[in-house]
Amino acid sequence: DNKIDSAYVYYQRALTIAHDNNCNSELTILQELGVLYRLKKDYKKSEYYLLKALELAKEDSLSSGIYLSLGYTYLLMGNMTVAEDYLDKSTRGVNIYTQADAYKLLFKLEKQKNAPWVALEYKERSDSIFKIIQKKEIKEAVADLQKKYENFELNCSMKVEKGYITALVGENGAGKSTTFKALLGLIKPDGGEITIFGKKPLELTAKDRAKMGIVLTDSGFSGYLKVKDIIPVMESLYTEFEKSRFLDLCNKLDIPLNKSIKEFSTGMKAKLKVLCALTHKAKFLLLDEPTAGLDVMARESILNLFREYMEEDGERTILISSHISSDLEGLCDDIYMIHEGRIIFHEDTDVLLNQYGLLKVDEKQFEELDKRYLLKKRKEHYGYACLTKEKQYYIENYPDIVVEKGTVDELIAMMIGGNEL
């Protein structure tokens with residue numbers, strides 16, 4: 001109860017901020033409050049917050065999840081008629097996870113009504129949908145979104161595979177943070193579609209969100225808190241919070257427990273956010289510039305923590321952004337490059353490092369060069385630098401030219417600053 005009460009206080013503060021700023025997250029927070037009070041068995045308050053959430057839901061896809069929560073709440077209250085009505089509405093939603101859960105609860109309801117044959121029918125429907133879910137390959141995250149601002153437009157399409165570390169790289173202002181906020185439902189896209197765990201961001205339940213570890217560049221705890229004050233907050237938000245591991249990592253990374261966060265350096269604040277994301281057994285980490293503000297040794301320590309996190313469970317996934325692209329070469333499985341709000345490149349990291357290369361040629365060598373496998377060129381004082389995906393071809397057929405190994409930094413420089421052939 002104490003943990004739930006602590007979570008309630010923070011959700012209430014978040015609700016006030018979301019309401020005052022007309023944020024999309026207001027609906028999600030109302031749902032979470034409804035779930036919290038249901039856990040506390042205060043069903044009337046649970047009903048109140050879920051009905052408030054339903055008032056804000058403008059799409060059927062959002063309403064179906066709330067119908068499910070209301071149906072479960074009324075089922076626990078013993079109001080079978082109303083519970084059945086909401087659960088029936090929930091089965092008509094487009095989200096197959098919600099449908100399966102609704103049929104599962106209807107099975108439970110009909111059993112309590114002593115209607116075994118109807119209950120069996122609902123169980124068969126639920127089992128059938130769960131079999132479809134198990135067979136269906138669902139990415140951890142899929143984004144195909146558009147967002148327009150006065151002086152910036154985001155058009156981003158990407159997929160994050162389960163078990164992979166996927167990087168989103170680009171210069172500052174390219175659209176990395178905007179993409180992360182859209183994925184988390186913190187801003188509303190103007191077009192396109194986003195799914196995480198097969199659901200739209202606003203359909204994610206408290207259980208779904210607990211599977212995510214999040215680091216955002218412009219978020220963090222109040223500067224007036226101390227690290228020791230954060231521990232009960234984490235315990236209230238995450239049932240699988242690993243307190244002992246959190247304390248061990250604080251000690252390992254020299255994060256003091258009794259010092260106000262406002263007195264922390266930029267690097268210490270960055271490390272603290274990473275530790276909070278890593279210590280509740282999350283399945284999916286979304287990390288926006290997690291190593292920003294860290295020195296070389298501290299960055300390597302954090303990157304090693306990410307490697308250990310992935311080694312512990314092959315089902316885990318990371319989406320990480322950075323403008324320090326060299327950090328990602330030895331970490332990531334695949335890399336997306338974003339420039340001026342658009343994805344301009346996607347490649348497996350091994351392919352990039354092994355097959356891509358930078359040719360350095362003088363004017364005469366450039367004229368004689370087979371240009372079929374060149375992607376970009378850039379004028380240099382010695383002649384030309386050329387980007388290719390067929391490094392080995394030029395090594396074998398042009399032994400006199402300089403062929404350098406491709407790096408993420410060179411790739412970014414050439415893809416952004418190079419010219420088409």
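So, to start: is Lys89 buried, exposed or partly exposed? Lys89 is partly exposed, at a relative accessible area of 30%. For those words, buried means under 20% relative accessible area, exposed means over 50%, and partly exposed is in between, with a 1.4 Å probe and protein chains only.

Before going on, a word on what we have here. This is a predicted model, where local features need pLDDT of at least 70 and side-chain atom pairs count only at pLDDT 80 or more, while totals for chains, interfaces and linings use all residues. Residues are numbered from 1 along each chain as its sequence is written, and side-chain values use heavy atoms, with hydrogens and water left out.

Okay, back to Lys89. Lys89 has a salt bridge to Asp85, with the closest N and O atoms 3.7 Å apart. By salt bridge I mean a side-chain nitrogen of Lys or Arg within 4 Å of a carboxyl oxygen of Asp or Glu. The two residues are 4 apart in helix H5 (residues 80–91), so about one helical turn separates them. Helices here are DSSP runs of H or I with at least four residues, strands are E runs of at least two, and both are numbered from the N terminus. Asp85 is partly exposed too, at 39%.

Now look at helix H7 (residues 116–135). Glu121 and Arg125 form a salt bridge there, with closest N and O atoms 2.5 Å apart. They also sit 4 residues apart, about one helical turn. Glu121 is partly exposed at 38%, and Arg125 is partly exposed at 35%.

What about a pair from separate parts of the chain? Asp313 and Lys283 meet in a salt bridge, 2.5 Å from N to O. Asp313 is in the loop between helix H13 (296–312) and strand S7 (317–322), and Lys283 is in the loop between H12 and strand S6 (284–288), so this pair ties together parts that are 30 residues apart in sequence. There's also a network: Glu242, Arg245, Glu312 and Arg316 are joined by salt bridges that share partners. In total, the count comes to 24 salt bridges.

Let's go inside. A nonpolar core is a set of buried Ala, Val, Leu, Ile, Met, Phe, Trp, Tyr and Cys residues joined through side-chain atoms within 4.5 Å. The largest one has 57 residues, and Phe246, Leu272, Phe306, Ile318 and Ile320 have the most contacts inside it. Helix H12 (residues 266–278) gives the most to this core, with 8 residues. Take Leu272: leaving aside neighbours within four places in sequence, its contacts (heavy atoms within 4.5 Å) are Val227, Ile230, Phe246, Ile255, Ile261 and Phe264. A second, separate core has 28 residues, including Leu33, Ile66, Leu105 and Ile129.

Last stop, the sheet. S10 (residues 357–361) and S13 pair over 4 bridges, and Lys360 has Val402 in S13 as its bridge partner.

That's the tour. Thanks, everyone!

Key
Two strands pair if DSSP finds at least two bridges between them.
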